[in-house]
Amino acid sequence: MNNEITAAAKALANGNLVAFPTETVYGLGADATDPEAVAKIYSTKGRPANHPLIVHVSSLEKAMEWASYQPEYLAKLASAFWPGPMTLILKRSNLAGDFVTGSQDTVGVRIPNHPIALELLAAFEAMGGMGVAAPSANRFGKVSPTTAEAVERELGAYIGDGDLILSGGQSEVGIESTIIDCTSDQPAILRLGAVTAAQVESVTSLKLKSDQGEIRVSGSLKSHYAPNAKLVLNQNPEPGDGLIALDSVATPAGVTRLAAPKDASEFARDLYAALRKADDLGLTRIVAVTPEGDGLAEAIADRLARASYRN
Ligand code: TXA
Ligand code: MG
């Protein structure tokens, strides 16, 4: 076991925060059973306390310790997509305190697919840890970080002595996990991501429920994932603007190309870094051309819509 990971697992056990890489975006982690450690996540992010957190674990067995009810299709989803970019909302067990769930009777659980995240979680569990609560490692409402450098710039001024940031390269998926409500006999998608609706229906042989009910998902706020620059969708870029679009779209003269992905996977992977780059360059306006199609393209369109929303 690598020393840096052991030190990070100890930091978690001591009530400190550890930012760590996952395949979706970087997370800001704390011991999910420690109310004071979890409170630090909220203050570091500037996040309202009623927004629930996702608990990250290294195995299905550990995930189930957080749940009090398992619908039949849960095992199918877990074996098809875990470790991976999928969060399951489950009826909670007594392990899940109000301080993690935003006082809801459900808890979000995920097994991330990143070697450093999995090693960290396993090391923490070997020390007696039950799970690591982790939101995306950005200030509330801002763009999720997909590199350790982005975490440092986003939260460096807010994290405390003894808190750590682990590096693990660029997040491969690039947008947050698909969130699936598994609290009833029929699953429902609460946040789109790389695990698609069609995949969930095919793996479970069930039709998805469309009604989201009363569940609170901060990623479902109309305005979220927002850069400082004004983001507009599907307009003609003007000189001085930044442009994010598939590489089939040309860059007009005077426009700064922020990303030219060749397909939806690259689009998702590069999107948040492109939004950050616009802010680094001091651009005031970004034009994004939304990719067409369902699945991952739909998840990208969802993030772009929220990042462009202005009250
Ligand atoms: O890919 C991801 O999911 C990343 C990485 C770090 O795992 N995490 C992430 O966390 O995006 P966060 O907190 O930024 O977004 C998690 C979303 C929030 O919108 C939260 O409201 C929702 O999950 N959520 C968590 N627990 C929930 C619950 N019990 N019921 C409904 N929504 C829940
Ligand atoms: Mg987030």
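In which strand is Ile89 found? I located Ile89 in strand β4 (residues 86–91).

**Conventions**

I noted that this is a predicted model, in which local features need pLDDT of at least 70, side-chain atom pairs count only at pLDDT 80 or more, and totals for chains, interfaces and linings use all residues. Residues are numbered from 1 along each chain as its sequence is written, chains are lettered from A and ligands numbered from 1 in the order in which they are written, and side-chain values use heavy atoms, with hydrogens and water left out.

I took helices (H or I, at least four residues) and strands (E, at least two) as DSSP runs, numbered from the N terminus.

**Entry 1: Ile89**

I looked up the accessibility of Ile89 and found a relative accessible area of 11%, so Ile89 is buried. Buried means under 20% relative accessible area, exposed over 50%, and partly exposed in between (1.4 Å probe, protein chains only). I then compared the position of Ile89 with that of Ile54: the two are 35 residues apart in sequence, and their C-alpha atoms are 8.8 Å apart in space.

**Entry 2: His56**

I found His56 in strand β3 (residues 54–56). Is His56 buried or exposed? His56 counts as buried because its relative accessibility is 4%.

I listed what His56 touches, not counting residues up to four places away in sequence: Phe20, Arg110, Pro112, Leu121, Gly131, Val132 and Ala134. Contact here means heavy atoms within 4.5 Å. A polar atom of the His56 side chain also lies 3.2 Å from the backbone oxygen of Ile54. For a polar contact I used a pair of N or O atoms within 3.5 Å; within protein, one must be able to donate a hydrogen and the other to accept it, and residues adjacent in sequence count only if both atoms are side-chain atoms.

**Entry 3: Thr178**

I placed Thr178 in strand β8 (residues 178–181). Thr178 counts as buried because its relative accessibility is 0%. Leaving aside neighbours within four places in sequence, I recorded contacts of Thr178 with Pro85, Met86, Thr87, Ile189, Arg191, Leu192, Gly193, Ala194 and Val195. One of these, Gly193, has its backbone nitrogen reached by the Thr178 side chain at 3.2 Å. I also noted that Thr178 and Ile111 are 67 residues apart in sequence and 12 Å apart in space, C-alpha to C-alpha.

**Entry 4: Helix α2**

I read off the buried residues of helix α2 (residues 35–45), which are Ala37, Val38, Ile41, Tyr42, Thr44 and Lys45. These buried residues pack against β2 (27–31), α5 (98–101), β6 (132–133) and α7 (148–155).

Which residue caps the N-terminal end of α2? I found that Asp34 does, with a side-chain oxygen 3.0 Å from the backbone nitrogen of Glu36. Just after α2, Gly46 takes a positive phi of about 70°.

**Entry 5: Helix α10**

I checked the span of helix α10 (residues 296–308): at 1.5 Å a residue, its 13 residues should span 18 Å, and its end C-alpha atoms are 18 Å apart, which agrees. The expected span is 1.5 Å times one less than the number of residues. I found α10 largely enclosed by the rest of the structure, because 10 of its 13 residues are buried. Among the buried residues of α10 are Leu296, Asp302 and Ser308. Their cover includes β9 (188–191), β10 (230–233), α9 (264–280) and β13 (285–288).

**Entry 6: Helix pairs**

Two packed helices are described by the angle between their axes and the distance between the axes. Axes are lines fitted to C-alpha atoms, for helices over the stretch in contact, and angles run from 0 to 180 degrees between N-to-C directions.

I began with α9 and α10, which pack at an angle of about 25° with their axes 9 Å apart. They are therefore roughly parallel to each other. Angles under 35 degrees count as roughly parallel, over 145 as roughly antiparallel, 65 to 115 as roughly perpendicular and the rest as oblique. In this pair, Ala264, Ser265, Phe267, Ala268, Leu271 and Tyr272 of α9 meet Leu296, Ala297, Ile300, Arg303 and Leu304 of α10.

I next looked up helix α4 (residues 74–81) and helix α8 (residues 197–204), which pack at about 125° with their axes 9 Å apart. That makes α4 oblique to α8. I traced the contact to Lys76, Leu77, Ala80 and Phe81 of α4 and Gln199, Val200, Val203 and Thr204 of α8.
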